[in-house]
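This note is meant for a colleague who is meeting the structure for the first time.

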Amino acid sequence: MDNLNIDLIRTFLIVSRLRSFSRASNYLYIDQSTVSKKIRQLEEWYGAPLFVRTARGVEPTIAGRNFAQHANQLLADFTALRQPAPLDWSGLRVGAFDNISAYLFPDFFARHLADLNQLKIENEGVKLVDLFNAGDLDLVIINGSLSTAISGEYVKRCLKKETMCVLSRRPALTAMGTVTQLADLRGQDLLLAPDYCPVTQEILRQRELFRHIRQVDYTATMLQLILQTDYLTILPAGMVAHLMLTTPELAGASLPDLPRRAVTAFAREQAVLDKVVAELLGDAKEA
């Protein structure tokens with residue numbers, strides 16, 4: 001026999017421990033003749049008898065005891081091969097949409113800022129998709145709606161589904177009364193992200209509701225304009241909640257009739273996705 005396999009080694013170790021072919025067959029749920037055949041195959045490969053029969057059952061020969069020392073280590077090494085290796089953060093290249101990293105998972109990015117091989121933060125999710133498609137990023141955290149732009153094989157996990165909310169200066173929103181749907185904003189002025197944002201695309205299909213719509217690509221500029229004018233904007237709930245907490249002049253209201261944003265992690269490897277998602281969701285749970 002030219003080949004050694006792990007099943008033969010495991011059978012040998014069970015016979016050595018139980019000192020019996022019959023007990024080994026019961027333990028392994030196979031016929032005793034099959035156990036004997038496996039041991040003969042192993043002895044043929046090793047070139048020496050591994051057991052000798054005694055009044056107490058079977059005992060390892062000197063060669064068998066020597067083989068057992070190596071076999072135990074070999075089985076332990078094989079078992080270790082099947083365990084997922086710790087994720088090497090220093091080799092990982094991650095990209096994330098700006099308001100996702102800033103408002104949903106800031107602890108994760110702060111913790112791994114020095115560890116990651118590369119960290120790419122973008123205002124435009126499609127740029128991260130392009131890098132992911134080109135093989136320049138291992139994992140991206142973006143809007144789930146962008147999955148149609150991803151090419152090749154990938155795995156994904158939805159991390160959170162966020163309701164969209166209207167945000168404005170507190171006096172401006174208070175003057176409007178109750179806001180529960182997009183139609184309640186009729187006649188208002190809006191600041192929106194550029195057309196690449198799926199929510200912006202949805203709102204632009206209903207542009208006749210609004211008096212003016214302006215598009216701004218930078219969140220900091222948008223927020224300053226909101227604070228100094230009566231323009232409204234529409235942002236994910238997590239971001240709105242954070243801004244209302246840190247800036248008392250701002251007020252927000254949920255718009256459940258708009259499609260919810262699915263914050264999603266995409267990766268090429270399941271092991272990478274599982275490790276990163278476990279940390280991301282752990283941070284979100286603690287928060």
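1. In this predicted model, the largest nonpolar core holds 23 residues. Those that touch the most other members are Leu-92, Phe-105, Leu-139, Ile-141, Leu-159 and Val-276.

2. Both strands and helices supply two or more residues to this core: strands S3 (93–97), S5 (139–143) and S12 (261–267), together with helices H6 (106–111) and H12 (270–286). H12 gives the largest share, five residues.

3. Apart from its neighbours within four places in sequence, Ile-141 is in contact with Gly-95, Ala-96, Phe-97, Ile-100, Phe-109, Leu-159, Val-263, Thr-264, Ala-265 and Leu-280.

4. There is also a second, separate core, made of 21 residues. Among them are Val-166, Leu-192, Cys-197 and Ile-234.

5. Helix H3 covers residues 32–46, which makes 15 residues.

6. Which residues of H3 are buried? They are Val-35, Ser-36, Lys-38, Ile-39 and Leu-42. Viewed down the helix axis, the buried residues of H3 fall within an arc of 160 degrees and therefore line one face of the helix. In general, an α-helix has 3.6 residues a turn, so residues three or four places apart point the same way.

7. Ser-33, Arg-40 and Glu-44, on the other side of H3, are exposed. After H3 comes Gly-47, with a positive phi near 85 degrees.

How values were computed. Residues numbered from 1 in each chain as written. Predicted model: local features only at pLDDT ≥ 70, side-chain atom pairs only at ≥ 80, totals over all residues. Heavy atoms only, no water. Core = buried A, V, L, I, M, F, W, Y, C linked by side-chain atoms within 4.5 Å. Buried < 20%, exposed > 50% of the residue type's maximum accessible area, 1.4 Å probe, protein only. Helix = DSSP H or I, 4+ residues; strand = E, 2+ residues; numbered from the N terminus. Contact = heavy atoms within 4.5 Å. Expected span 1.5 Å × (residues − 1). Arc of directions from axis to C-beta.
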